[in-house]
Amino acid sequence: MEIDKAIGESDDKRLKTKYNNAIFVIKRALSLYSIEEVAFSFNGGKDSTVLLHLLRAGYFLHKKELSCSNGGLSSFPVRTIYFESPSAFTEINAFTYDAAQTYGIQLDIIRQDFKSGLEALLKANPIRAIFLGVRIGDPTAVGQEQFSPSSPGWPPFMRVNPILDWSYRDVWAFLLTCKVKYCSLYDQGYTSIGSIHDTVPNALLSVNDTSSKEKFKPAYLLSDGRLERAGRVKKNASTKNDVGSDSQKHEVLLASVIAVGDEILSGTVEDQLGLSLCKKLTSVGWSVQQTSVLRNDIDSVSEEVDRQRSICDMVFIYGGVGPLHSDVTLAGVAKAFGVRLAPDEEFEEYLRHLISEHCTGDRNEMAQLPEGITELLHHEKLSVPLIKCRNVIVLAATNTEELEKEWECLTELTKLGGSTSLMELYASRRLMTSLTDVEVAEPLSKLGLEFPDIYLGCYRKSRQGPIIICLKGKDNARIDSAVEALRKKFKEGVFVDMK
């Protein structure tokens with residue numbers, strides 16, 4: 001199999017790991033379900049193209065293990081679904097049909113919306129699992145794992161996501177390493193393809209040229225994968241969402257929070273910064289994907305930062321910043337980006353004013369920063385600037401008071417056009433009820449389907465205490481409508497507003 005051979009001959013260890021993990025997921029699915037019970041949703045985009053070839057390789061390896069045969073793969077027997085849309089690029093359609101002919105794919109072409117099309121397909125066929133080219137960071141990826149049942153209100157099937165943890169860089173590393181064809185639009189500066197109504201070439205790939213026609217570099221030359229959707233423009237409210245492509249309904253910025261400190265893991269120190277930072281991020285519209293606590297180890301920091309920076313818009317890290325032997329955070333960040341720590345003259349000057357003759361540059365580890373990727377965020381209220389390495393913010397705060405000051409400065413800096421550009425504030429309401437979990441479970445699930453743009457959260461402060469329901473969104477009127485709809489499902493007075 002040419003795909004497996006190409007990866008095996010590659011020197012890219014990260015790509016090999018991603019490939020092996022994806023193949024394991026595919027082979028696992030093919031062991032759980034018969035070939036008649038699985039399907040593949042193909043849309044002609046780069047992620048979907050990667051998954052096509054992973055499935056070809058996974059099916060070949062699965063059959064090889066079962067039959068101990070080394071024969072080739074003459075056809076692709078996995079049922080393949082293509083949702084054809086009138087708003088799709090002609091290049092996407094052409095590439096899809098060409099791929100089907102090249103690899104012996106029998107396409108089930110559906111010209112309905114995604115949900116209706118699936119309902120009709122699953123009703124007519126015994127499909128139990130569908131392979132999807134979903135990656136972390138996609139709007140539809142929130143809450144999903146490699147095997148995730150379909151959402152309430154949708155036809156029942158298992159979503160199989162072999163490339164869930166792949167980054168933009170991983171996708172292009174695979175396509176270029178395996179030398180497979182992909183849609184020609186990606187060579188014309190498109191980095192994320194939706195419909196003809198919401199997609200333009202990525203301006204970050206524009207080439208300065210004397211000719212009148214604007215030219216663009218190919219998608220794989222985009223240096224920062226976080227900006228792959230920079231070529232996606234907002235559609236008019238009246239424009240129908242093109243579900244068959246990798247479009248999104250709501251832009252959500254993703255963040256992760258990393259704490260570094262053996263003392264937290266040993267229980268010597270209680271981590272208050274993580275709790276406070278999560279609250280602050282949520283209050284300004286960010287979705288916190290994960291918090292983690294790491295020991296004082298360069299490799300641990302490097303691995304976690306590398307993983308989080310590829311799937312989140314911004315990573316916030318604190319602890320382990322200083323001149324002590326246990327202060328490994330900056331070294332870990334540098335290793336994650338593949339750069340060295342080097343003396344920074346500007347930062348050293350700030351430290352010199354702060355600690356006078358104790359700062360001598362080469363002897364002060366705090367004056368060394370990740371080389372070539374560090375930006376210093378200056379603010380008059382801070383004695384030293386905040387450290388930003390691409391999409392990683394290094395916080396020096398050691399307590400909540402210091403964090404409050406750093407956060408205030410960070411938000412002011414971003415409002416002045418900084419790189420973290422905070423989103424509009426969330427609006428929220430909290431309701432309290434003495435109803436049982438069983439009584440509110442189904443009505444809340446239905447409410448979530450009625451108001452997909454509203455986040456619904458539930459918790460108790462104690463097992464015997466009342467249920468607290470939290471509704472969050474970007475529109476106060478929508479939240480009020482959701483509260484009113486929930487109240488109509490029960491007797492008057494069941495829910496009490498909380499301040």
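User: Why is helix H6 (residues 168-178) largely enclosed by the rest of the structure?

Analyst: In this predicted model, local features need pLDDT of at least 70, side-chain atom pairs count only at pLDDT 80 or more, and totals for chains, interfaces and linings use all residues. Residues are numbered from 1 along each chain as its sequence is written, and side-chain values use heavy atoms, with hydrogens and water left out. Buried denotes under 20% relative accessible area, exposed over 50% and partly exposed in between, with a 1.4 Å probe and protein chains only. Helix H6 is largely enclosed because, of its eleven residues, those that are buried number eight.

User: Which helices are included in what covers the buried residues of H6?

Analyst: The buried residues of H6 include Tyr168, Trp172 and Phe174. Helices (H or I, at least four residues) and strands (E, at least two) are DSSP runs, numbered from the N terminus; contact means heavy atoms within 4.5 Å. The cover includes helix H1 (2-8), helix H2 (13-32) and helix H3 (46-67).

User: What is the volume of the second largest pocket?

Analyst: On a 1 Å grid over the protein atoms alone, a cavity is a set of points where a 1.4 Å probe fits but cannot get out, whereas a pocket is an open set with protein on both sides within 12 Å along at least five of seven lines; lining residues have an atom within 4 Å of a point. Grid points are joined across faces, edges and corners, and a volume is the space filled by probe spheres set on the points. For the second largest pocket, this volume is about 710 Å³.

User: Which element supplies the largest share of the lining of the second largest pocket?

Analyst: Among the elements that each supply at least two lining residues are helix H11 (345-355) and helix H12 (400-415). The largest share, four residues, comes from H12.
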